[in-house]
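The points below go through it part by part.

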Amino acid sequence: MFGSKLSVELQVPRLTKAFSMPGHWKRPFSLFSRRPRRPRRPTAPVLTGPLDEELLPNDRLKYFHPTQPGQVLGGRYKTIAKLGFGSGSTVWLAENLAFTRWGKSDIPRYVSIKIPASDVESADEVGCMKLISSANPSHEGLSYIRILIDVFDLQGEGGTHTCLVFESMRETLYQFQRRLPQQRLGLPIFKAYVFCLLQALDYLRTECRLIHTDIKDDNIMVTIEHDSVLKDLVNYYKTNSQPRHIRTEDGRTTYLSHDEFGGLRGTTILPRLSDFNLCFPGLPDNHGHLTPIQSHRYRAPGVFLGCPWPYSADIWNLGLMMWNLLEDISLFNRPAGEDGEERMCRKVKLGRVIMNQKGKECETMNEFWGGPFFDEDGCIVRKDLIEEGKELSGTVTELAGEEKAQFLDFAASMLQWLPEKRKTAKELLQHPFLDDMRGP
């Protein structure tokens, strides 16, 4: 099911129970730890506030396709329920009407469809996804990347929506972690997930020449541990309506369900790196880009300062994310000035005009971040943002002894100020901290 040599046996206390039938195929089977509640009849009260992407600013809703459950998209995908949304797209669970159970089918019965807003250009993402799918299918890292399985154009009132079809996943790594005891990954699972993600990054660099630029727990999906989980979810949505607004000329009709589908079950759950809409091509001789990238809490120092950033920006990104997975903390908070924006300083001209989040045209990173952050003597202006006496070792509480020392050395290989000092994904896969991940 997962196309991978590495399998993680995840035992979630009080939430899961797994067994294998002796003498039979040893694929994990799953049992509910509790019986699912009988679905309640959907109710339909009127919502008084905005819902989901209606919360987006600047009247962006008009660019979104007004998808509803039961619609057939691309001539073969019947929508079931909305799985999520972002500033530039919605994601839907859908049934592949062309699926045949006993025939040869390249596309599974149930899929996830990403429907970008009409003002979002998807050509680059589609091109990157096609490259990723075909660059080197034998590389182990491809198993830990969510690949594209179909693409089609959908015409809407606001224009064309280039829809991307993917295998359905359980949820994001962030959501998955919230279900675990203490909301942290245990050390064996943590090591396995980091190992998988490094394999994915090595594939992107060595085979695809791509830089992801936005690695975070919201952009990493976890696989569904058993087909029955997806079937149960589909059956649930057949009798339970989602909260949603239907856009019509004469008003809104609202459907709302008060029931809940949840509970982990099963054993084998693996990470898949996803969302390549912001990725960049790597440049020859490890030269760097100047475009602002990455989430605030994971942004590399060179990106703040307007310095060229190469492949190793992803390594810094993953290095910081390890604290969120292992300790459920962020190493760096988002510093903000009175205007709510980060303040950094870089007066070197970027060579082109870029637009900041407020719509202001900027020629330097100083302008982009709303600086200056340093005074004329090179001293930091916001001294209140510096925590004195804080050491990296003091932020690690889940490990001790040799294991802690190995982890800190491993992390130090990633969190280097100078990009060229950071080890590559291939080199990090050989670090002693991951010794027990390398084997048959």
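Which residue takes a positive phi just after helix 3? The residue is Arg 209, with a phi of about 55°. The numbered points start with the overall picture and come back to helix 3 later.

1. Overall content. The model is a predicted one. The protein has 440 residues, and 46% of them are buried. Its secondary structure amounts to nine helices and 17 strands. Among contacts with a separation of 6 or more, 67% are between residues 24 or more positions apart.

2. Six strands make an open sheet, and their order is 3-4-5-6-8-7 with antiparallel pairing. Its edges are strand 3 (72-73) and strand 7 (148-156), each of which pairs on one side only.

3. The hairpin in that sheet. Strand 7 and strand 8 form a hairpin, with two residues between them. Eight bridges join strand 7 to strand 8 (residues 159-167) in the antiparallel sense.

4. Which strands does helix 1 touch? Helix 1 (residues 123-134) packs on the sheet and touches strand 6 (110-116), strand 7 and strand 8. The direction of helix 1 makes about 160° with that of strand 7. Helix 4 (residues 227-239) also packs on the sheet, where it touches strand 4 (77-85), strand 5 (89-96) and strand 6. The direction of helix 4 makes about 100° with that of strand 5.

5. Strand 9 and strand 11 run antiparallel and are joined by two bridges; Glu 171 has Val 222 of strand 11 as its bridge partner.

6. Helix 3 itself. Does its length agree or disagree with what its residue count implies? Helix 3 (residues 187-208) has 22 residues, which at 1.5 Å a residue should span 32 Å; its end C-alpha atoms are 30 Å apart, so the two values agree. Of these 22 residues, 17 are buried, and helix 3 is therefore largely enclosed by the rest of the structure.

7. Aromatic pairs. How many aromatic pairs does the structure hold? There are eight. One of them joins Phe 190 and Phe 433: the ring centres are 6.4 Å apart and the planes are at 65°, and because an angle over 60 degrees counts as edge-to-face, the pair is given that label. Phe 190 lies in helix 3 and Phe 433 in the segment after helix 9 (425-428), so the pair ties together parts 243 residues apart in sequence. Both Phe 190 and Phe 433 are buried. Ring pairs also link Phe 190 and Phe 433 with Trp 323, Phe 407 and Phe 410 into a cluster.

8. Charges over rings. Lys 191 lies over the face of Phe 433, at 4.8 Å from the ring centre. Elsewhere, Arg 178 lies over the face of Tyr 174, at 4.6 Å from the ring centre.

9. Thr 213. This residue is in the loop between strand 10 (210-211) and strand 11 (220-222). Is Thr 213 buried or exposed? Its relative accessibility is 1%, so Thr 213 counts as buried. With neighbours within four places in sequence left aside, its contacts include Leu 278, Cys 279, Phe 280, Trp 309 and Asn 317.

10. Leu 61. Leu 61 sits in the loop between strand 2 (29-30) and strand 3. Its relative accessible area is 17%; the cut-off for a buried residue is under 20%, so Leu 61 is buried. The C-alpha atom of Leu 61 is separated by 8.6 Å from that of Ala 117, which is 56 residues apart from Leu 61 along the chain.

Conventions. Residues are numbered from 1 along each chain as its sequence is written. This is a predicted model: local features need pLDDT of at least 70, side-chain atom pairs count only at pLDDT 80 or more; totals for chains, interfaces and linings use all residues. Side-chain values use heavy atoms; hydrogens and water are left out. Two strands pair if DSSP finds at least two bridges between them. Helices (H or I, at least four residues) and strands (E, at least two) are DSSP runs, numbered from the N terminus. Contact means heavy atoms within 4.5 Å. Axes are lines fitted to C-alpha atoms, for helices over the stretch in contact, and angles run from 0 to 180 degrees between N-to-C directions. The expected span of a helix is 1.5 Å times one less than its number of residues. Buried means under 20% relative accessible area, exposed over 50%, partly exposed in between (1.4 Å probe, protein chains only). Rings of Phe, Tyr and Trp (its six-membered ring) pair if their centres lie within 6.5 Å; planes under 30 degrees apart count as stacked, over 60 as edge-to-face and the rest as tilted. A charge sits over a ring if NZ of Lys or CZ of Arg is within 6 Å of the ring centre and within 35 degrees of the ring normal.
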